[in-house]
Amino acid sequence: MDLRGRAFLSRDRLRILLMLFHAMAQTVAEQEVENLSGLSTNPGKDIFVVRENGTTCLMAEFAAKFIVPYDVWANNYVDLITEQAEIALTRGAEVNGRCGHNESELQVFWIDRAYTLKMLFVKESHNTSKGPEATWRLSKVQFVYDTLEKTHFKDPVSAGKHTANSHHLAALVTPAGMSYECQAQQSISLASSDPQKTVTMILSAVHIQPFDIISDFVFSEEHKCPVDEREQLEETLPLILGLILGLVIVITLVIYHIHHKMTANQVQIPRDRSQYKHMG
């Protein structure tokens with residue numbers, strides 16, 4: 001091959017590399033992730049935002065903690081004792097994520113990446129008696145934890161990184177185009193790679209929308225969880241019953257007052273016939 005042919009090949013390779021680099025740089029530039037937890041009035045709640053093409057595509061506000069069982073040696077160094085570590089998601093965590101038409105993902109890292117939380121959301125369409133209906137849900141949770149992190153773990157037997165995964169998860173089910181809101185605590189069980197250990201993830205003060213966000217940094221209409229709706233009903237029911245009882249009392253008093261007034265205005269007919277001569 002002559003020098004001219006090699007020059008053309010080198011030029012073509014350079015052009016392809018530049019195109020790939022430009023495409024990668026554009027992809028990175030088009031996606032942004034932000035931790036806005038400092039804006040929350042709840043010190044235990046975090047706020048994460050994923051943006052693509054300058055538009056918010058995923059928003060998540062929640063408080064999370066993980067109850068992690070782990071084994072330590074007993075004082076006799078023969079028996080094992082199971083301890084529990086309570087690991088809270090802290091402010092200042094790193095965040096990553098991606099958005100898709102039917103699948104979105106949020107990743108959170110904290111304490112020097114000793115802990116990693118991954119949440120996968122999917123949007124699905126179902127045929128119902130009313131026609132096709134689309135919903136989204138939390139379909140998978142993965143929690144990676146390092147028992148060598150000494151803030152929460154003290155002398156673990158199985159030191160090192162472990163992964164806990166959900167199985168067949170269908171949580172936070174919400175109609176498409178709406179956000180999910182739930183103040184009550186919700187628990188999700190995760191099977192750990194540490195043998196015979198189950199990690200419990202506890203979510204609270206949740207407000208999440210991984211699809212179909214219309215306005216930048218603004219959640220769509222809320223779909224409240226059944227627990228919140230029940231608690232709201234329990235709070236408002238005494239008030240409603242009190243108002244009804246008050247209304248019944250007022251109506252009864254009004255009727256009594258009208259009846260008493262009508263009775264007082266009637267002419268009293270004397271029972272003693274001797275009094276008839278004074279009438280007329």
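Modeller: A disulfide here is a pair of cysteine sulfur atoms within 2.5 Å. Keep in mind that this model is predicted.

Colleague: How many disulfides does a search of the whole structure find?

Modeller: In general, a disulfide is a covalent bond between the sulfur atoms of two cysteines. The search finds two here. One joins C57 and C99, with sulfur atoms 2.0 Å apart. The link of C57 and C99 is right-handed, with 75° about the S-S bond.

Colleague: Which parts of the chain does the pair C57 and C99 link?

Modeller: Distant ones, 42 residues apart. C57 sits in strand β3 (residues 55-73). C99 sits in the loop between β5 (94-98) and β6 (103-110).

Colleague: Are C57 and C99 buried or exposed?

Modeller: Both C57 and C99 are buried.

Colleague: What about C182 and C225?

Modeller: They form a disulfide too, with sulfur atoms 2.1 Å apart. The link of C182 and C225 is right-handed, at 70° about the S-S bond. C182 lies in strand β11 (residues 179-182) and C225 in the loop between β14 (222-224) and α2 (226-265), so the pair ties together parts 43 residues apart in sequence. C182 and C225 are both buried.

Colleague: What pattern do the disulfides follow?

Modeller: Count the bonded cysteines along the chain: the pattern is 1-2, 3-4.

Colleague: Now the surface. Which residues form a nonpolar patch?

Modeller: W73, Y77, L80 and V157. Together they have about 440 Å² of accessible area. V157 lies in the loop between β8 (131-146) and β9 (161-165).

Colleague: Why does V157 count as partly exposed?

Modeller: Because its relative accessibility is 33%. Partly exposed runs between the buried cut-off, under 20%, and the exposed one, over 50%.

Note on methods. Residues numbered from 1 in each chain as written. Predicted model: local features only at pLDDT ≥ 70, side-chain atom pairs only at ≥ 80, totals over all residues. Heavy atoms only, no water. Patch = residues over 30% accessible without salt bridge, like charges linked within 9 Å, V, L, I, M, F, W, Y side chains within 5 Å. Areas by Shrake-Rupley, 256 points an atom, 1.4 Å probe, with all protein chains shown as cover. Salt bridge = Lys/Arg side-chain N within 4 Å of Asp/Glu carboxyl O. Helix = DSSP H or I, 4+ residues; strand = E, 2+ residues; numbered from the N terminus. Buried < 20%, exposed > 50% of the residue type's maximum accessible area, 1.4 Å probe, protein only.
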